[in-house]
Amino acid sequence: MPEFAGDWYFTGNYPTPGGTKVCCRAFVLWFEGSSARCYGVSSAASCAQTPVLVIGNGGSEHALAWKLSQSHEVGCVYVAPGNGGISGQTAHGHAHRNAEHDDAKGSTARVHSAPVIPVDVPLTPPHFKEVKDFCRERSIVLAVVGSEQLLHEGLADVLRSAGVPTFGPSQAAAELESSQAFSKTLVQKLGLPMAAASNGDGDASGFPEVSVLAFSDGVNFAMVPAATQDQKRCNDEDRGPVTDGMGAFAPSPLVDEEMLKSLEENVLRPLFDAMRSEGRHFSGCLQTELVLTPSGPRILGFKTSISEPVAQAMFPLLDGDLFEVLSACAGSRLKREPLTLRRNQSTVAVVLTCGGYPGPFQSGHAITGIERALCVPGAHVFHTGTTVEIAEGVNATPTARRSFTSNNSYSFSQKLMTCGG
């Protein structure tokens, strides 16, 4: 057993959810030879200190909130409206149990983890009064707009006008994703390499698809020094209907440092310069989707917020403090240097959906096994379109009383150790 006095405790009479969690995790850590502690406690009392608001209800917002909660500068992460995964995990007290740092040798250490709390705040365009009131009442230090639709409706502009530091492109800049006509015209004007199918038309002609990310404060930008490789078709061997994304892994071995540098200078820099010259303020993250062809990478389309499952694959791989990066973007003080990744590690995100997706499918299916998945070091479960149902008349533990039901999908993200220097 690990030689740590005082590290063992149980919540309630075993086997409660807390007791099961601690015991299972302690055994796995012992079996793997890790010296990490088997538990972590977060207090909601910290919510008054450096609160952050993430706006959206998808898996990318879930992953964003999870990553932001690891910042020592953040006291609390509110998510409006959030989803069943955030609600259920907060109720069970293990929303951040897998906030870990894995070094190059594979050992695991606990890191700071602020509470993540879903809040029911109406998101009503065009004035978004309730969101502005919430930010003022809770003294929000950073608002992160993750929803493409809300960016298109101008929420980032409204919050910035109200004096709220905001990460998210302006309504005009969001047209890079929301308006295919605008993005196509801009790409042609700049002479950028464009694929035959763009902005989700759905056919990459069998070539690999990758995504690169760049954070911008409206003037400067910083790239993530790796690409994610995307799986868009719903079946194995790249077959079946095209979806919004069935999985991703990072870093992609098909995109090397030389290609990233070329994309930075020949695609992203002229693109950001053009947006700025047109008065389209881009303070956010641009995701450029590319298809790799024999003649080089060609642009499929753009996302003005990080999509799923790219977010779930990339955020666990990012090193450093994401809050500092997003705050720098919101405050127009981003440094011109690439972000850093964890050494000798890779990630894979796998999307689990209802049968029939992306065609007609039935929702409301119970999702089980999440508790066990969360006991695996380095594994994370991010939700999209799930809800939490509370059974009536059941006098039992939270796990027995609550069940997750699916309206769309959720993703399983796993960090993997790789060999090499």
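This is a predicted model: local features need pLDDT of at least 70, side-chain atom pairs count only at pLDDT 80 or more; totals for chains, interfaces and linings use all residues.
Student: Okay, let's start with helix H9. Which residues does H9 cover, and how far apart are its ends?
Tutor: H9 takes in residues 257–277, which makes 21 residues. The C-alpha atoms at its ends are 28 Å apart. At 1.5 Å a residue the helix should span 30 Å, so the two values agree.

Student: Where is the kink in H9 centred?
Tutor: On Glu264, and the kink is about 35 degrees. Glu264 is also one of the buried residues of H9.

Student: Which other residues of H9 are buried?
Tutor: Besides Glu264, you have Leu260, Leu263, Val267, Leu268, Leu271, Phe272, Ala274 and Met275.

Student: What comes up just after H9?
Tutor: Gly279, which has a positive phi of about 75 degrees.

Student: Switching topic. How many residues are in the largest nonpolar core?
Tutor: It has 40 residues, and Leu68, Phe215, Phe315 and Leu326 are the ones with the most contacts inside it. Several elements each supply at least two residues of this core, including strand S1 (51–56), helix H2 (59–68) and helix H11 (322–330).

Student: Which element gives the largest share of this core?
Tutor: H11 does, with 6 residues.

Student: You mentioned Phe315. What is Phe315 in contact with, leaving aside its neighbours within four places in sequence?
Tutor: Phe315 touches Ser60, Ala63, Leu64, Trp66, Lys67, Ile306 and Leu322. There is also another core of 28 residues, lying apart from the largest one, with Leu192, Ala227, Leu263 and Ile299 among its members.

Student: Now the sheets. What is the order of the open sheet of 5 strands?
Tutor: The order is S5-S2-S1-S6-S7, and the pairing is parallel. Strand S5 (116–118) and strand S7 (166–167) are the edges, each pairing on one side only.

Student: How many bridges join S1 to S6?
Tutor: 4 bridges, with the two strands running parallel. Val52 sits opposite Leu142 in S6.

Student: Where does H11 lie relative to these strands?
Tutor: H11 lies across S1, S6 and S7, and runs at about 90 degrees to S6.

Student: What about S8, is it largely enclosed or open?
Tutor: S8 is largely enclosed by the rest of the structure, because 9 of its 9 residues are buried.

Student: Which way do the residues of S8 point?
Tutor: Glu209, Ser211, Leu213, Phe215 and Asp217 go one way, while Val210, Val212, Ala214 and Ser216 go the other. In a regular strand the side chains alternate between the two faces of the sheet.

Student: Which strand does S8 pair with over 9 bridges?
Tutor: That's S12, in the antiparallel sense. In that pair Phe215 stands opposite Cys285. S8 is also joined by 3 bridges to strand S10 (residues 228–235), again antiparallel, and there Val210 faces Gln229.

Student: Last one: what happens in the hairpin of S8 and S9?
Tutor: The hairpin has 3 residues between its strands, and Gly218 takes a positive phi near 105 degrees. The strands run antiparallel with 3 bridges, and Ser216 has Phe221 of S9 as its bridge partner.

Methods:
Residues are numbered from 1 along each chain as its sequence is written. Side-chain values use heavy atoms; hydrogens and water are left out. The expected span of a helix is 1.5 Å times one less than its number of residues. The bend at a residue is the angle between axes fitted to the seven residues ending there and the seven starting there. Buried means under 20% relative accessible area, exposed over 50%, partly exposed in between (1.4 Å probe, protein chains only). A nonpolar core is a set of buried Ala, Val, Leu, Ile, Met, Phe, Trp, Tyr and Cys residues joined through side-chain atoms within 4.5 Å. Contact means heavy atoms within 4.5 Å. Two strands pair if DSSP finds at least two bridges between them. Axes are lines fitted to C-alpha atoms, for helices over the stretch in contact, and angles run from 0 to 180 degrees between N-to-C directions.
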